[in-house]
Amino acid sequence: MYVGTLSFDLLLGDVHSLKEKRSVVRPIVAELQRKYGVSAAEVGAQDLHRRAEIGLAVVSGDWSHLTDVLDRCERLVAARPEVELLSVRRRLHGDDD
């Protein structure tokens, strides 16, 4: 069994309130969950209206499938025009850990 996690640090564009922030972050989280079957949520910077941290986790029996899903998730978030991807943290765990 392999577990992979990604943590995205995002700078949001023209956002002036926490309500506007939710309208940007929720669709990203929902799309990650729907397209790739990952567990995803906003996990940090929840009181800042121009910053967001999204975390996701994937469990797989195949190492290459795990890295493929993480790569696709990273590309999806990076391609969103309404956010600037400041950093990505990736962690991979296997049976040997």
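Me: Is Ala45 buried, partly exposed or exposed?
Reply: Ala45 is partly exposed, because its relative accessible area is 27%, and partly exposed lies between buried, under 20%, and exposed, over 50%, with a 1.4 Å probe and protein chains only. Please keep in mind that this is a predicted model, where local features need pLDDT of at least 70, side-chain atom pairs count only at pLDDT 80 or more, and totals for chains, interfaces and linings use all residues. Residues are numbered from 1 along each chain as its sequence is written, and side-chain values use heavy atoms, with hydrogens and water left out.

Me: Where does Ala45 lie?
Reply: Ala45 lies in the loop between strand 2 (39-44) and strand 3 (51-60), and its phi is near 55°, a positive value in a residue other than glycine.

Me: What pattern does the protein follow along the sequence?
Reply: The pattern reads β-α-β-β-α-β, with two helices and four strands; these are DSSP runs numbered from the N terminus, helices being H or I of at least four residues and strands E of at least two.

Me: Changing topic, what share of the residues is buried?
Reply: Buried residues make up 33% of the 97 residues in the protein.

Me: And which share of contacts joins residues at least 24 apart?
Reply: Among contacts between residues at least 6 apart in sequence, that share is 72%, where a contact means heavy atoms within 4.5 Å.

Me: What does the C-alpha trace span?
Reply: Along the principal axes of the protein, the C-alpha trace spans about 45 × 25 × 20 Å.
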